Amino acid sequence: MENIEMWQGLSCGGITAVPGFRVSGVHCGIRKNKGKKDLALIVADKMCSAAAVYTTNKVKSAPLVLTMEHLKNGQARAILANSGNANACAPGGIEAAKEMVDAAAKELGIEATDIIVNSTGVIGVQLPIDAIVSGVPQLVKSLSRDNNPAAEAIMTTDTFQKSWAAKFELDGKTVTIGGIAKGSGMIHPNMATMLSFLATDCAISPEMLQKALKDSAAISYNQVSVDGDTSTNDMCAILASGTAGNSQIETENEDYKKFLAALNEINLKLAKDIARDGEGATKLLICRVSGAASTEDAARLSKSVIRSSLVKSAMFGADANWGRVLCALGYGGATFDPSRVDISFSSLVGEIPVCKQSTGLAFDEEIAKNVLSEKEITIEVNLSDGNHNAEAYGCDLTYDYVRINGDYRT
């Protein structure tokens, strides 16, 4: 976006690109591997406007339920999260989540109700709360401006840290947004196991922050599907300290639109990283649907294509099987004329049209294979029904996905 400076956050990027925020990550003993951090903390220097969007799964984790209660007043000061255990459908889940925030609140000298909490990992296993409580003092002592420890500590089967930041101007002031995320498998958020934690120094009311986050999640995290499974723990939360000095955003004015544009850029980057890092994945898939009668139809159909196991398998094999795309559109639950669809595949090496007006085109199979052998592939769909469009993000389906999930608990 014009006038938005973006950068991928390592070390001084991500959350800690935002003035007034510190983070930490330690190994407290949830995970067997002592070299893997499993407890993360994000703390603001002052009370913040706060907002979150959550999984639509009816089965929700204990920490998520507790966070929903804490954010009723639209304020928070810290985010606490662990990996290695989801604290979902587990004995004493709510009590354990409360013990987590109580321990952090005591060390930080703040109210427990001002802490957002979440967990990620194996479902149905009791949270080792003693390990977490014993790790909190070191967690607080380790707070710094280094983004990496927290970004690492929330990872489960992720293969790389997901961290982005942006700067832009509002009201003559420099405003920063930074975020970290985790997610590799069990990814089909419908919010808004994925977690995304964001921070900004923008002055914005809790109501406008909630609206911005909900609207942004709709075009980013809600348009990601790795495997069609919606987790019990999906959450995206944001803290806004207001220290940038801009006039507080309280309506959907031009400043709000600029803030939303920057937030969208961050969330789209993180969402694509989640899709790119899908369990066992070798390719990022983007399905771009244009010419739809409504944005809702375009979003629904693009996601239907991206979550199709047959489409995902074809992309893994670099097979330009466009019939699978047309099939996925047909059961996508949106209205369109199935006789007017154009389909093409594109990547860094070029674009190849494969279908015109729902009829196959002659194309060179070798060229198509080269196009589909790249690490990022776009499936272009034109419905010729209107002027609305949307994108969805996913990955190919590989042998390794089954291997990873066949022994996830062990």
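How many of the 16 residues of β3 are buried? In this predicted model, β3 is mostly covered, and the count of buried residues in the strand is 13 of 16.

Leaving aside residues up to four places away in sequence, Asn 85 touches Ile 30, Ser 119, Thr 120, Gly 121, Val 122, Val 125, Gln 126, Leu 127 and Pro 128.

## The nonpolar cores

The largest nonpolar core has 41 residues, and the members that touch the most others are Phe 168, Leu 198, Ile 204, Tyr 221, Ile 238, Ile 249 and Phe 259. Two or more residues of this core come from each of β3 (39-54), β6 (162-170), β7 (173-182), α5 (206-219), β9 (235-240), α6 (254-276) and β10 (284-292). The element that gives the most is α6, with 12 residues. Apart from this core lies another, made up of 36 residues, among them Ala 328, Leu 329, Phe 336 and Ile 352.

Two residues illustrate the contacts in this part of the model. Phe 259, with residues up to four places away in sequence not counted, touches Phe 168, Ile 177, Thr 200, Cys 202, Ile 204, Leu 209, Ala 212, Ile 238 and Ile 249. Ile 266, placed in helix α6, counts as buried at 0% relative accessibility, and under the same exclusion Ile 266 touches Met 6, Trp 164, Ala 165, Ala 166, Ile 177 and Leu 198.

Six strands form an open sheet of mixed pairing, in the order β13-β12-β11-β14-β10-β15. Because β13 (359-360) and β15 (388-395) stand at the edges and each has a single partner strand, one side of each is left without a neighbour in the sheet. α6 packs on this sheet, touching β10, β14 and β15, and the direction of α6 makes about 40 degrees with that of β15. Within the sheet, β10 and strand β14, residues 376-382, run parallel and are joined by 7 bridges, with Val 289 standing opposite Val 381 of β14.

## The second largest pocket

The second largest pocket has a volume of about 260 Å³. Its lining consists of 13 residues, of which Ile 219, Gln 223, Ala 299, Ala 390 and Glu 391 are the closest to the centre of the pocket. At least two lining residues are supplied by each of α5, α6, α7 (295-307) and β15.

## Serines in loops

Ser 205 lies in the loop between β8 (195-200) and α5 and is buried, with a relative accessible area of 6%. Not counting residues up to four places away in sequence, Ser 205 touches Ser 49, Gln 248, Ile 249 and Glu 250. The C-alpha atoms of Ser 205 and Phe 336, which are 131 residues apart along the chain, are separated by 40 Å.

Most residues other than glycine have a negative phi. Ser 358, in the loop between β12 (350-356) and β13, has a positive phi of about 65 degrees although it is not a glycine, and at 17% relative accessibility Ser 358 counts as buried. Ser 384, in the loop between β14 and β15, likewise has a positive phi, near 60 degrees, but Ser 384 is partly exposed, with a relative accessible area of 23%.

How values were computed. Residues are numbered from 1 along each chain as its sequence is written. This is a predicted model: local features need pLDDT of at least 70, side-chain atom pairs count only at pLDDT 80 or more; totals for chains, interfaces and linings use all residues. Side-chain values use heavy atoms; hydrogens and water are left out. A nonpolar core is a set of buried Ala, Val, Leu, Ile, Met, Phe, Trp, Tyr and Cys residues joined through side-chain atoms within 4.5 Å. Buried means under 20% relative accessible area, exposed over 50%, partly exposed in between (1.4 Å probe, protein chains only). Helices (H or I, at least four residues) and strands (E, at least two) are DSSP runs, numbered from the N terminus. Contact means heavy atoms within 4.5 Å. Two strands pair if DSSP finds at least two bridges between them. Axes are lines fitted to C-alpha atoms, for helices over the stretch in contact, and angles run from 0 to 180 degrees between N-to-C directions. On a 1 Å grid over the protein atoms alone, a cavity is a set of points where a 1.4 Å probe fits but cannot get out, and a pocket is an open set with protein on both sides within 12 Å along at least five of seven lines; lining residues have an atom within 4 Å of a point. Grid points are joined across faces, edges and corners, and a volume is the space filled by probe spheres set on the points.
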